[in-house]
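Please keep the sequence and the coordinates at hand while reading.

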Amino acid sequence: MENDMKGYEKTLRELLEQKQYTKLRQEAEDMNAADIAAVMDDMEDEESLRIFRILPKNMAADVFANLELEGQQYIIQSLSEKEASNIIDNLMADDATDLLEEMPANVVKRLLANARPDTRKDINHLLRYPEDSAGSIMTVEYVDLKVNMTVHDAIERIRNIALDSETCNICYVLDQQRVLLGTVALRYLVILNQDALIGEIMNENVISIGTMTDQEEAARLFQKYDFTAMPVVDNENRMVGIITIDDVVDIIQEEATEDIEKMAAIIPSDKSYFRTSILETYRNRMPWLLLLMVSATFTGAIITNYENALASYVVLTAYIPMLMDTGGNAGSQASVSVIRAISLGEIEFTDAFKALFKEVRVAGLCGLTLAVCNFVKLMLFDRVGVEIALIVCATLVLVVLFAKMIGCFLPLLANRLGFDPAVMASPLITTIVDAVSLSVYFAIATRVLHLAI
C-alpha cells in the first residue's frame with residue numbers, strides 16, 4: 001500500500017510538472033478519492049491546489065472531504081467565493097461544519113452567504129451544539145420514513161433522497177412531530193412484500209443517543225452494539241441527525257491522540273506533526289516541561305537534606321537512579337492501565353478501593369520479585385554489605401508498592417474531580433514517585449545504619 005501511494009504521488013507530480021493536465025485528470029479519475037487526498041496532503045499547498053483545480057467536478061468534493069483540515073482551509077481560502085460555496089454545498093453537513101468551525105468568522109460569513117439555503121440551515125443547526133458533543137459531529141442527511149408507508153413507497157423515497165444522504169442502509173421511522181418510532185434495514189425492504197406497511201415491519205427497539213452526549217460515550221456505544229450508524233435525538237426524542245461509523249473512527253483517533261499527548265506532558269494539538277510550526281510545538285511542550293522541572297526541585301531538596309548520610313555511605317548514591325527509575329516505571333504501568341480502563345468505562349471512582357487492592361497485590365508480587373533478583377545482584381556482582389543490600393531491597397519493595405498505589409489512585413481522583421485522567425500519567429506521577437522513593441530510601445538507611453541527617 002505504501003509503495004502504491006508513492007507511485008501515485010510520483011505520477012501526479014510528474015504530470016503536474018510536465019503540465020499534462022488532461023492526462024493527470026484521467027489518472028485521477030481512476031484513483032480513489034482518499035488516495036488522491038493522501039497524496040495532496042504530502043504536497044506543498046500550491047501544488048495541492050493546482051491538482052484540486054484539475055480534478056473532475058464529481059470527484060472534487062469527495063477528495064476535499066478526505067483532506068487534512070489545514071489543506072482544506074488553504075484550498076477554500078484560495079478559491080473564489082462561488083467555487084468555495086459550491087464545495088461546501090457538496091459536502092455532507094457534518095464535514096462542512098467541522099471545516100467552518102476552524103475558519104475565520106469573516107470567511108465563514110461569506111461562504112454561508114453564497115451557500116444554498118438548505119446547506120446554510122443544516123450548518124447553522126450543527127454549529128449550535130457544544131464542541132465534542134454528539135450533536136456537533138452528527139449529520140442531518142439521513143433517510144426518514146413514515147409508519148403508514150408501504151415497502152414500495154419507502155423504496156421510491158430512498159431512490160429520491162439516498163444520493164444526498166450519508167447512508168441508506170438503515171432508514172428511520174418518524175411520526176408527524178419527527179419523534180423516532182423505529183428503524184428498518186434496507187435489506188428487509190428489498191426482500192419483503194411490497195405492500196407491507198412500514199409500521200408493521202419496523203424494529204421498535206431503537207438505541208439512540210442524545211445531542212449533548214459526549215462524543216467519547218457515543219464511540220463506546222458504537223463499540224458495544226457494533227453499529228454502523230446511530231440516530232441522534234433531542235430531549236423530546238425527536239430525531240435530529242445520525243452519527244456514522246466514519247465519524248466514530250475519527251473520534252477514536254482524535255481522543256487516543258489527545259490522551260497520548262497528555263500522557264507525554266504535551267498540550268494536545270489538532271494539527272499533524274509536520275503541519276505544526278516550531279513555535280507552536282514549543283508552546284505545546286514548554287509549560288509542562290517547566291512545571292515538571294520546578295516540581296523536580298523537591299527531589300533535589302530531599303537529597304540535599306541527606307547530604308551527611310550520603311557522605312558517610314557514598315555507596316548509597318549508586319542505587320538512587322535505579323530506585324527512582326523502577327518507581328517511576330511501576331507508577332506509569334499502573335496509571336496507564338487505570339487511565340485506559342477509565343476511557344473504556346470499565347472503572348469509576350467508586351471502584352477505587354477494589355482497584356487499589358488489586359494494585360497492592362500486584363505490587364507485592366512485583367516488588368518481592370525485583371527485590372530477590374536485586375539482592376542476588378548486590379551480593380554476587382556489586383559485593384556490598386548485607387545491610388546495604390537489605391536497605392536497597394526493602395526500599396525497592398516499598399517504592400513499587402507506593403508507586404502503584406499512587407499511579408492507580410491519582411487518575412481516578414482526577415476523573416472524579418472533572419479533570420482528564422490522562423493528565424495524571426507518566427511525567428507527573430514519575431515526579432511524585434521520585435520524591436517518595438528518595439524519602440523512603442533515606443528514611444530506611446538512616447534508621448538501619450544509625451546515620452545522622
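How do the residues of the lining of the second largest pocket divide into nonpolar, polar and charged? They divide into nine nonpolar, two polar and five charged, where Ala, Val, Leu, Ile, Met, Phe, Trp, Tyr, Cys and Pro count as nonpolar, Asp, Glu, Lys and Arg as charged, and the others, Gly among them, as polar.

This is a predicted model, in which local features need pLDDT of at least 70 and side-chain atom pairs count only at pLDDT 80 or more, whereas totals for chains, interfaces and linings use all residues. Residues are numbered from 1 along each chain as its sequence is written, and side-chain values use heavy atoms, with hydrogens and water left out.

**Pocket and cavity**

Both kinds of space are found on a 1 Å grid over the protein atoms alone: a cavity is a set of points where a 1.4 Å probe fits but cannot get out, a pocket is an open set with protein on both sides within 12 Å along at least five of seven lines, and lining residues have an atom within 4 Å of a point. Grid points are joined across faces, edges and corners, and a volume is the space filled by probe spheres set on the points. By this rule there is one cavity of 30 Å³ or more.

| Second largest pocket | about 390 Å³ | α15 (215-225), α16 (245-263), α20 (320-343) |

The lining of the largest cavity includes Met40, Asp41 and Arg275, and its residues divide into three nonpolar, two polar and three charged.

**Sheet**

Helices (H or I, at least four residues) and strands (E, at least two) are DSSP runs, numbered from the N terminus, and two strands pair if DSSP finds at least two bridges between them. An open sheet of three strands has the order β1-β2-β3, with mixed pairing. Because β1 (144-145) and β3 (180-185) each have a single partner strand, one side of each is left without a neighbour in the sheet. The pairing of β1 with β2 (residues 170-174) is parallel, over two bridges, and aspartate 144 has tyrosine 172 as its bridge partner in β2.

**Valine 397**

Valine 397, in helix α22 (residues 386-416), counts as partly exposed at 23% relative accessibility, a class between buried (under 20% relative accessible area) and exposed (over 50%), with a 1.4 Å probe and protein chains only. Leaving aside residues up to four places away in sequence, valine 397 touches Gly367, Leu368 and Ala371, contact meaning heavy atoms within 4.5 Å.
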